[in-house]
Amino acid sequence: MLLTPDLVPTIVATGASARVNEHVAPRFRVGDRVRVRNHNPTTHTRLPGYLRGKIGIIEQDYGVFAFPDTHAHGLGEKPQHCYSVRFTAREVWGSLASDRDTLRVDVFDDYMDLD
Amino acid sequence: MHGIHDLGGMHGLGPINPEKDEPVFHEDWEKRAFALFAGTFVFGGYTVDEFRHEIEKMDPAHYLEATYYEHWLAAFEGLLINHGHITRKELDDRIAQLKKESH
Amino acid sequence: MPAHKAAKPESEAAIRVRALEAILTEKGLIDPKGLDALVDTYEHKIGPRNGAKVVAKAWVDPEYKKRLLTDATAAIKELGFSGLQGEDMVVVENTPEVHNLIVCTLCSCYPWPTLGLPPVWYKSPPYRARAAGDPRGVLKEFGTELPESVEVRVWDTTAELRYLVLPERPPGTENMTEEQLAGLVTRDSMIGVTKAKTP
């Protein structure tokens, strides 16, 4: 496709959602306590290093999306659920961190296990 | 990839120093680099994820020192060559030619 | 004093971009006028005034605010804002108990339809590192200090959801129109590094 000026407004207004319209059973439910896997590939991932091995709580299920780890390498969408997971600052950064502050990170099915 | 881009929580990177009332683009070439994302995405055959990973593979020192759109430029060059739309030689020859002309 | 300024030498990046654009144009793969239209859109047509309208409407219209917090993508689209880098939106509300801060530690993800393109500082290593690990230090650098009793909640944009902060409505704004209220909503308050302006 050639991006000509007449196509620009549609592209801008529509974008390209990463949602996948497929029914995939979620691995977790809101309220579940999870442990982030020690997932450390040399290939693409959207799991930040600071989260590996940390304990969190599933706050929201955003639905089914393409999985970046495979989608970056021509290995398909591997659609799965993406969740907003709550972590305390202390859990992530240690005892010197605030005991009130939290992080909310978007985490895929394949990055976590039930704790 | 636990590369240089994986910056969350890193210490020692210094103050943020936000620029007041900064323009959307600081240089003309940044405008072209910005537009090349959508411009190449529509034919390129790569995903946004692959684009991001291409940036993640940059030399770490260059990654930290380069301005933002230089990251995109590095990614475009890699992706367009890897997906067979241009060759390294074509690009290098043209860059050399333009450099000669601008002196 | 010199009669003219010496022309700035063309940077390496500028030459590389010119080379790329020229080759791709010659191959018929890109249309420079298409690129021009994209630049014009994001330089002049899309920006934080969009997000400010969303926030101001939420401040005056409790039903709209409910829709915004439940299905942000649809609610934002009601005002005509949608699309690229905002296909799946989440709006997070500041309250007296919770202050939200948005970051993309891994790159520069940002809600373009409501805020336009991100500022350089948002995309730079210091913000990306410290917003996650030292949010209160970051807020302080922007002149925002919060009591320990407030929870600072940092949202790391690691997937394709895009986040917008709904700042608290400032006090003393009861008699302002929606348009006037939008004028108080700064880009920085919708990222979460500051609160909205007071009148």
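**Exercise 1. Chain B as a whole**

What percentage of the 103 residues of chain B count as buried? Then describe the elements and extent of chain B.

*Solution.* Please keep in mind from the start that this is a predicted model.

- Step 1: Begin with burial. In chain B, 36% of the 103 residues count as buried.
- Step 2: Look at the secondary structure. Chain B holds five helices and zero strands, and reading along the sequence gives the pattern α-α-α-α-α.
- Step 3: Turn to the dimensions. The C-alpha trace of chain B spans about 40 × 35 × 25 Å along its principal axes.
- Step 4: Taking contacts in chain B between residues at least 6 apart in sequence, 71% join residues at least 24 apart.

**Exercise 2. Two helices of chain B**

Find helix H1 (residues 28-44) and helix H4 (residues 68-82) of chain B, and work out how they pack.

*Solution.* Two numbers are needed here, since a pair of packed helices is described by the angle between the axes and the distance between them.

- Step 1: For H1(B) and H4(B), the angle is about 30° and the axes are 10 Å apart.
- Step 2: Angles under 35 degrees count as roughly parallel, so H1(B) and H4(B) are roughly parallel to each other.
- Step 3: The crossing in which H1(B) passes H4(B) is left-handed.
- Step 4: Now find the residues that make the contact. H1(B) brings B:Glu30, B:Ala33, B:Phe34, B:Leu36, B:Phe37, B:Thr40 and B:Gly44, while H4(B) brings B:Tyr69, B:Trp72, B:Leu73, B:Phe76, B:Leu79 and B:Leu80.
- Step 5: Sorted by class, this contact has ten nonpolar, two polar and one charged residues.

**Exercise 3. Where chain B touches chain C**

Which elements give two or more residues to the side of chain B that touches chain C?

*Solution.* 

- Step 1: Start with the two sides of the contact, which takes 43 residues from chain B and 40 residues from chain C.
- Step 2: On the side of chain B, the elements that give two or more residues are H1, H4 and helix H5 (88-101).
- Step 3: The largest share of that side, eleven residues, comes from H1(B).
- Step 4: By class, the side of chain B that touches chain C divides into 23 nonpolar, eight polar and twelve charged residues.

**Exercise 4. Inside chain C**

Describe chain C, then compare the packing angle of its helices H3 (residues 48-60) and H4 (residues 62-70) with the cut-offs for orientation.

*Solution.* 

- Step 1: Chain C contains eleven helices and four strands. Of its 199 residues, 50% count as buried, and its C-alpha atoms fill a box of roughly 55 × 40 × 40 Å along the principal axes.
- Step 2: H3(C) and H4(C) pack at an angle of about 125°, with axes 5 Å apart.
- Step 3: Angles of 65 to 115 degrees count as roughly perpendicular and those over 145 as roughly antiparallel. H3(C) and H4(C) are therefore oblique to each other.
- Step 4: The contact is made by C:Val54, C:Lys57 and C:Ala58 of H3(C) together with C:Tyr64, C:Lys65 and C:Leu68 of H4(C). These residues comprise four nonpolar, no polar and two charged.
- Step 5: Now visit strand E1 (residues 89-93) of chain C. Four of its five residues are buried, so E1(C) is largely enclosed by the rest of the structure.
- Step 6: E1(C) pairs with strand E4 (residues 162-166) of chain C in the parallel sense over five bridges. In E4(C), C:Leu166 is the bridge partner of C:Glu93.

**Exercise 5. Chain A and its neighbour**

How many residues does the contact take from chain A and from chain C? Is A:Asp113 buried or exposed?

*Solution.* 

- Step 1: The contact takes 30 residues from chain A and 31 residues from chain C.
- Step 2: Helix H1 (8-14), strand E2 (55-65) and strand E4 (102-108) of chain A each give two or more residues to the side that touches chain C.
- Step 3: E4(A) pairs with strand E3 (residues 151-156) of chain C in the parallel sense over four bridges. Here A:Thr102 stands opposite C:Arg153.
- Step 4: Next, find A:Asp113 in strand E5 (residues 112-114) of chain A. A:Asp113 counts as exposed because it has 11 C-beta neighbours inside 10 Å.
- Step 5: Leaving aside neighbours within four places in sequence, A:Asp113 is in contact with A:Val34, A:Arg35 and A:Arg37.

Terms used: Residues numbered from 1 in each chain as written. Chains lettered and ligands numbered in written order. Predicted model: local features only at pLDDT ≥ 70, side-chain atom pairs only at ≥ 80, totals over all residues. Axes fitted to C-alpha atoms, helices over the stretch in contact; angles between N-to-C directions. Contact = placed C-beta atoms within 7 Å. Nonpolar A, V, L, I, M, F, W, Y, C, P; charged D, E, K, R; others polar. Buried ≥ 20, exposed ≤ 12 C-beta atoms within 10 Å, placed from the backbone. Pairing = 2+ DSSP bridges. Left-handed = near helix turned anticlockwise from the far one by under 90°.
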